[in-house]
Amino acid sequence: MSSSSPGRGMTTLLSAAEGRDMAVRLAALLPRAVIVALIWILGTAAFTLAADNTIVGPATPDPATGAAKAQTELVVPSVSGQAYVFAKGILEDSGFAWRVVGPVHGFSSNRVMTQSPAAGTRVLDTGAPTIVLRLVRGPYAQLGRPVDVSPYRGTVVRLAGLASVTTPAAKPAAKPKPKAAPKPAAKPKKVVKTTVKPSARPPAFTLADAPKEPLDEISLPARALRLQHWAANKPKTGANVRHWLYQHAWIVTGAQFGWWHGAQALETLIAVDRQLERQWGIGGKSQAVASAALAQVSRKAK
């Protein structure tokens, strides 16, 4: 018993010394651990706040988005009084669609009685603004199927005067530029006289309200000859009948307007009508219309 007591006392003293050393080390490390923990917590909070601000905050507006695109304006052409076959071409060339309303349908030889909007109205280019036409009966028999709408889809009509106008921001005044030294007077150029060539298609006669012959189209005699070659041995189908009536109306109406060599074109057209009457069994009424137009044109051309 006596021999083991000193060993136990030494062990107790050593354990107490180790405990004091551990306490001193913990006391020294504790402030550093607390500081590191605080820095980590603050960093995490700042990162979370930045993430929240990035997700919830408003996006930067794109200056190009929402800006009103400037729409071009179109001027409604005048087609009142025109043959429907010509009115369609005028509207299509001007960027418009059309729609026929009323009891008279869209046969080529019918004439336009009214149009809406009126000629000269300025509208926005919405794609193909739709012009509403009302027709009256023409001199031809109503054969085939009428075409009451344009072959492409029309869009809404929006008057240019009712459109909202965005005023651009005023530009800063430009700084005045220094005046340049005056240039020496240029020597007078010689004036070369040029002679204006007459029209390649002088009219047979002139009418007050008749449109001028479109020079970008083939002449009436050439159109009649082309129709004559086309009609040879053509079967009678709905599409072929409509093509013949379309060309027939163009030639007769153009000749009545006094276009170049209209009488010559009508003579060829009458021969085509006789040919189709033998092939298709129709064409007598159209031939009578062309013959009456030929007599009228011949009287006015004298």
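A salt bridge is taken here as a side-chain nitrogen of Lys or Arg within 4 Å of a carboxyl oxygen of Asp or Glu. The model is a predicted one, and searching the whole structure with that criterion turns up 3 salt bridges.

One of them pairs R122 with E73, with 2.9 Å between the closest N and O atoms. How accessible is R122, and does it count as buried, partly exposed or exposed? R122 has 47% relative accessibility, so it falls in the partly exposed class. E73 is also put at partly exposed, because its relative accessibility is 41%.

Another salt bridge joins the side chains of E213 and R201, at 3.0 Å from N to O. Here, too, distant parts of the chain are linked, although E213 and R201 both belong to the loop between β5 (130-136) and α3 (220-231), 12 residues apart.

As a rule, most residues other than glycine have a negative phi, and most peptide bonds are trans. Which peptide bond is cis? The bond from S116 to P117 is, with omega near 0°. P117 is placed in the loop between β3 (111-116) and β4.

As for phi, N233 has a positive value, near 60°, despite being a residue other than glycine. N233 lies in the loop between α3 and α4 (238-256). With a relative accessible area of 74%, N233 is over the 50% cut-off and so counts as exposed.

H261 is another non-glycine residue with a positive phi, in this case near 55°. Where is H261 found? Its place is the loop between α4 and α5 (262-280). H261 has 36% relative accessibility, and is therefore classed as partly exposed.

Methods: Residues are numbered from 1 along each chain as its sequence is written. This is a predicted model: local features need pLDDT of at least 70, side-chain atom pairs count only at pLDDT 80 or more; totals for chains, interfaces and linings use all residues. Side-chain values use heavy atoms; hydrogens and water are left out. Buried means under 20% relative accessible area, exposed over 50%, partly exposed in between (1.4 Å probe, protein chains only). Helices (H or I, at least four residues) and strands (E, at least two) are DSSP runs, numbered from the N terminus.
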